[in-house]
Amino acid sequence: MEKSLSWREFIITRLIQASGYSAILFVGLIFFFLLREGLPALSEVDASSLLNIRWYPLESHVGILPLISGSLVVTLGAALIAVPFGIGTAVYISEIAPRWMREILKPLVELLGGLPSVVLGFLGILVLAPFLRVFLNLPTGLTALTGSLLLGGIAVPTVVSVAEDALDSVPRAYREGAWALGATKWQTIWRVTLPAAKSGVLTAVMLGVGRAIGETMTVMMVTGNAPVLATGLGSLFSPVRTMTATIAAEMGEVANGSTHYHVLFFIGMVLFIISLVVNIIASSVVFRAKKRAERILS
Amino acid sequence: MMTKFLSRNRHTVQRLGFIAITMVVIVTIIPIIGTIVFILVKGGSAISLEFLSGFPHDGMRAGGILPAIIGTLYLTLGTAVFSVPLGIAAAIYLSEYAKDNQVTRLIRLAIINLAGIPSVVYGLFGLGLFVLFLKFGTSILAASLTLSIMTLPVIISTAEEALRAVPQSFRTVSISLGATRWQTISRIILKEALPGILTGVILGLERAAGETAPILFTGAAFFLPRLPHSVFDATMALPYHLFVISTQVPEMPIQIQYGTALVLLVFVLTMNVIATVIRSRARARRQW
Amino acid sequence: MVDKIIIENLSLQYSDGTESLRNVSMGIRQNAVTVLFGPAGGGKSTLLRCLNRLNDLTEVKASSGRILIDGENILDPKTDVIALRRKVGMVFARPVPLPMSIRENIIYGLELAGEKRKSKLDEAVERSLKLSAVWDEVKDRLNDPAVALSGGQQQRVCLARVLALQPEIILLDEPTSGLDPISTGKVEGALLELKKEFTVILVPHSVQQAARTADHAAFFLTGELIEYGDGKTLFTNPKQKKTEDYIMGRFG
Ligand SMILES: Nc1ncnc2c1ncn2[C@@H]1O[C@H](COP(=O)(O)OP(=O)(O)OP(=O)(O)O)[C@@H](O)[C@H]1O
Ligand SMILES: [Mg+2]
């Protein structure tokens, strides 16, 4: 009996270990398949035409600059919304709100994170876009700004939850020290708590931005899908097209193995690398901050 | 510094600051509640037995959305079949077995990265690996597998947190009574961590149920006049259907659009509420 | 009298570099209470955790030496640690009832060992609860959650849980540190009964308790065994200055 027990234990342990390692495997597989289908694009079209400013694959114009600029404009707009609102809400929840309020706000913000992006896109088309068109007197309501507003909302839960964690982990003694010196709650938040949680808040912003760059359905539905090179903040008020939306809109219609197909995978590769970089930097910021906290406390 | 702290206006500043930040919170919260209420109100009138149990006809401009509802159920279950055991096992590895070394750090980094990869990139990956390379075709199987990998980081991280919250002393005592590591986990740790794990699982599946981009090229069908017969069939799904009828079908009756959005929202919100309830009830009951 | 356990040149260093045991050698008598005492951080718990290989769970940087139980070196990697832990039971400082009923707590180890017969399990529950002097207090509520008991009752149930496995050696690490004097008296009373059948090793929570219970006593200071001998003699007439200082309360 003991023998069979130890065999079972051995096999289960190995299975569990393999499951743990599988995360590495999946990231590897994802990268491998993006490379496998995306790299051929580089031999089929030369780099200069990839960096062209025209995206019109039907006539073999596959410049991805307009798409990159579209993603940047929309994301930048989203960040301008998500950062103040996200951090403001996080500060409110962790520093100001009474307990009962916190118990209501936290699940509510989580709920926002759970809303399907198509539902937000759908409301964007029906409610937000017509409103913005009339309000700002634009030819169309389907603009980068519409996308930014919705994306900002989508990024808020990420920013709130990470930033709130960071604020929460600031030792109480810091705040009490400031109060003892006669600082108001408000001064304490600005001069003590937020600076102490700086790196965590930074991580929150980065992860929020990462979330925004990767969002697909909402932007595809509300940004008007015009692959025009965005040149300035003025582009906020005109239709644009992001990298994610391009893949989602066109992948269904291309022939497998065609140049267009490979270029779409190439764009996916670029997105993958962006998210990899953002996340690695974000997690190393947190890591370093933890190290420092440990040093201070020990 | 001191003089600033002591300045006379600081209480006015504080009051203004609190007002400003409260406004920020209100502006954040109102749209959330607004969205939900708006869709509940607008979509409510579309809901009927026929709508929930009928097939679409007249180019989807009439009839019901049964195939989309069933499809989303299938995809959610399919995702659960793969991601729940794998995710929990990975969480067990990280919380109970892994040593603090280079490999473990790499696993954690991989999980963080999985969580950050854009959903449409998961779609590309699913297309490349499951649809084309493994030749599953555009199918429930391929879409579920794609969604599973996307859901994995959510399940792993919440389950790991739940496992770690179980007091260390239970492990020590169990081992000291002659239990093996796995006996300790299966008889005590998993049971105690169950509510937390369940919360994570539901939140992960909630995300999978609402996603469109990963299934666009891996399993979603524009229109199917029947229910899928096997895991190798493509399927309609609520989020994709909403996308289709709100952007791809001209002269689509607005009622059906709101109705579909409502059903999707209820599907997702129900999961969210269940998760929240499980979590808060477990917290209240916990004896350690 | 025979030595049930022989410890030879045992040293142990945790992964953070602390040397918790330095070259400890001692023999531990069968059917007696051996007390390990000394100031905090002396290595008493570490030594106990070596005896049932519970230190396998912690990150240990280096260890050397041998521990012979009935002549077999249990530090040998080939040792069946599961069987060892059934033979060497342990009670911890704070009572840790597992999140289940009293009865389930008692039979937890037996079930793991493969015992399924209800009659055997029932018999073990009654016998071990009686041995640990808590049967009368819990016999009508065996199916209640064990956490619902008082701290003193919990600790005796934890002792019964160890006894149910019919071990040969019982390790107790400050088992009364959280208990009131009456509960402490009950646990100590149970110990005196136990030594008739078992080899008992106790880390007491005070010098008084050490003096009350010890047949043999060992004084540990920062990982070293300073003095070891007959309980009575050691507490009335210590040979080492350090031991005397500690017993007289002239320490740090
Ligand atoms: N898991 C561990 N990792 C690292 N160091 C440890 C660990 N456990 C104990 N130590 C260290 O080993 C030394 C001996 O600890 P031990 O717990 O054996 O002492 P003790 O005599 O039981 O003390 P106390 O009376 O406080 O229980 C201490 O310096 C302690 O800090
Ligand atoms: Mg100790």
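In chain C, the side chains of Arg53(C) and Asp56(C) meet in a salt bridge at 3.1 Å, N to O, the term standing for a side-chain nitrogen of Lys or Arg within 4 Å of a carboxyl oxygen of Asp or Glu. Arg53(C) is buried, with a relative accessible area of 12%, while Asp56(C), at 40%, is partly exposed; buried means under 20%, exposed over 50% and partly exposed in between, with a 1.4 Å probe and protein chains only. Salt bridges that share partners also join Lys4(C), Asp70(C), Lys87(C) and Glu168(C) into one network.

This is a predicted model, in which local features need pLDDT of at least 70, side-chain atom pairs count only at pLDDT 80 or more, and totals for chains, interfaces and linings use all residues. Residues are numbered from 1 along each chain as its sequence is written, chains are lettered from A and ligands numbered from 1 in the order in which they are written, and side-chain values use heavy atoms, leaving out hydrogens and water.

A further salt bridge pairs Arg29(C) with Asp3(C) at 3.0 Å, N to O. Because Arg29(C) lies in strand 2 (residues 19-29) of chain C and Asp3(C) in strand 1 (residues 3-14) of chain C, the pair ties together parts that are 26 residues apart in sequence; strands here are DSSP runs (E, at least two residues), numbered from the N terminus.

Turning to ligand 1, one of its oxygen atoms is 2.5 Å from an N or O atom in the side chain of Ser20(C), and a polar side-chain atom of Thr46(C) lies 2.4 Å from an oxygen atom of the ligand.

Key
Polar contact = N/O pair within 3.5 Å; in protein donor to acceptor, adjacent residues only side chain to side chain. Helix = DSSP H or I, 4+ residues; strand = E, 2+ residues; numbered from the N terminus.
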